[in-house]
Amino acid sequence: MSVTINTKINGQSVTAVAEASTSLLEFLRDTLEMKGSKLCCNTGECGACTVIYNGKPINSCVTMAADANGAEIVTVEGLADGNNLHPVQQAFIDTGAVQCGYCTPGFIMSVKALLDHTKKPTPADIEDAISGNICRCTGYNKIVDAIHLAADRMAGRA
Amino acid sequence: MEYFEPKSVGEALSFLAKHGADAKLIAGGTDVMVDIKFKEEPGGLVNIKKIPGLSGIQENGKGLRIGALTTIREIENSALVHEKVPVLWEAAHQFASLQVRNTATIGGNIGRASPSGETLAPLLVLDAKAKVAYSDGEKVEPFSAFFQGPGKTSMGAKGLLTEIEVPYPAPGSKGVYLKHAVRGAMDIAMVGVAVMITPDAGKNSIQDVRIGLGAVAPTPVRAPKTEALLKGKPLTAALVKEAGALAATEASPITDQRSSAENRRWIVEALTRRGLEQTWKAATGKEVA
């Protein structure tokens with residue numbers, strides 16, 4: 001059975017049809033051809049598929065596409081302003097917080113969600129915010145550096 | 001797979017009545033979506049998230065009423081939960097990851113009836129109750145009779161959990177939820193132990209104690225023999241030791257990829273001891289003698 005989904009993704013209204021069993025991640029990647037959000041564990045454990053759903057970070061792989069109806073979703077494709085990267089994206093580049101890069105979009109969405117609400121995150125805030133994102137290249141130190149740099153830049157401290 | 005988004009509890013119940021055990025309820029979806037991907041699709045899926053009035057935390061003087069669709073993150077962010085029932089807050093705080101907490105609901109965690117469900121041992125020691133809607137009316141059932149096996153509850157495929165009633169612990173009580181897992185985040189508990197102690201008026205002995213064990217039996221369970229052993233006595237080091245050993249015998253764990261049964265019993269013993277010591281100190285201001 002298919003469902004019609006009316007949603008807003010990165011500020012743009014989208015209407016599309018998907019099977020009821022489709023996850024939001026499959027809807028983004030396969031129906032809408034937006035490949036920025038990554039498929040990895042597909043069980044809600046690794047965070048590679050993280051998107052911001054009505055202001056909150058969630059795992060799109062374990063969210064029904066049907067729940068996008070009436071919701072506002074931000075994906076990694078929605079962060080840059082033309083050629084200008086979002087401060088979180090730029091900070092990941094400047095600190096070298098990327099190795100293979102597969103987990104990076106998910107981390108960036110979790111960090112954006114954190115910094116949307118927290119101007120100066122504590123180490124505990126950061127640990128909590130990225131606790132659901134796994135990096136198998138074990139680059140966590142540089143990721144934490146990137147978060148501090150992005151927070152400082154967004155608050156005008158750097 | 002048929003798909004249905006009921007606008008009321010009544011609509012959801014009629015769909016369940018029509019499809020029986022072939023239908024599955026979905027709320028947050030963090031468990032059900034994994035089943036759909038890796039096991040099998042149910043014949044019918046009932047997404048209850050659009051039903052109004054099933055979400056939120058309210059105080060009614062003697063306790064809290066938590067709507068079944070309240071997310072784990074809403075519970076974690078609730079000042080009321082943190083202040084009045086910290087044992088439930090601790091479970092919400094240690095639940096999976098931020099992303100999962102933003103989506104997963106307390107009703108889903110309960111309906112799933114996994115022995116390791118993070119909120120379940122705390123709900124048992126809080127003497128919480130489930131409010132369940134059936135086609136012939138509403139029933140309020142204590143959680144002590146609600147869980148019947150892994151994935152099995154007394155409401156079966158016929159009921160819809162609408163609300164959780166959480167009475168406030170007696171004045172002076174202190175509770176704790178201790179979770180043992182390899183990773184701090186995003187890991188299922190090997191063992192979870194919830195302890196709630198109420199001291200007597202002079203803070204010299206245990207007036208009431210409740211111990212809930214998670215992930216060590218087909219359902220979350222209380223440890224009634226251990227509770228009976230402790231009641232009416234001051235908490236001494238010897239009693240802590242005896243209670244830990246007895247609690248380990250009240251668990252009936254299995255061996256799986258997360259832990260052997262033997263190891264789980266040791267952890268039940270250790271966490272019961274730790275939980276008793278912590279709650280005794282918090283409730284009486286005294287170290288265990």
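## Basis

The model is predicted: local features need pLDDT of at least 70, side-chain atom pairs count only at pLDDT 80 or more, and totals for chains, interfaces and linings use all residues. Residues are numbered from 1 along each chain as its sequence is written, chains are lettered from A in the order in which they are written, and side-chain values use heavy atoms, without hydrogens and water.

## Cavity and pocket

Rolling a probe the size of a water molecule over the atoms shows where empty space is left. On a 1 Å grid over the protein atoms alone, a cavity is a set of points where a 1.4 Å probe fits but cannot get out, while a pocket is an open set with protein on both sides within 12 Å along at least five of seven lines; lining residues have an atom within 4 Å of a point. A volume is the space filled by probe spheres set on the points, which are joined across faces, edges and corners.

One cavity of 30 Å³ or more is counted. The largest cavity has a volume of about 40 Å³, and its lining includes A:L25, A:C40, A:C41 and A:C61. By class, eight of its lining residues are nonpolar (Ala, Val, Leu, Ile, Met, Phe, Trp, Tyr, Cys or Pro), two are polar (the others, Gly among them) and one is charged (Asp, Glu, Lys or Arg).

The second largest pocket has a volume of about 530 Å³. Its lining has 26 residues, with A:Y53, B:K49, B:T71, B:N102 and B:T103 nearest its centre. By class, eight are nonpolar, twelve polar and six charged.

## Nonpolar cores

In soluble globular proteins, nonpolar side chains tend to be buried together. A nonpolar core is a set of buried Ala, Val, Leu, Ile, Met, Phe, Trp, Tyr and Cys residues joined through side-chain atoms within 4.5 Å; buried means under 20% relative accessible area, exposed over 50%, and partly exposed in between (1.4 Å probe, protein chains only).

The largest nonpolar core has 42 residues, and B:I110, B:L123, B:F143, B:I164 and B:V166 have the most contacts inside it. A second, separate core of 31 residues includes A:I9, A:A16, A:A65 and B:I26.

A:N54 is not a glycine, yet has a positive phi of about 45°. At 44% relative accessibility, A:N54 counts as partly exposed.

B:A113, also a residue other than glycine, has a positive phi near 55°. B:A113 counts as buried because its relative accessibility is 1%.
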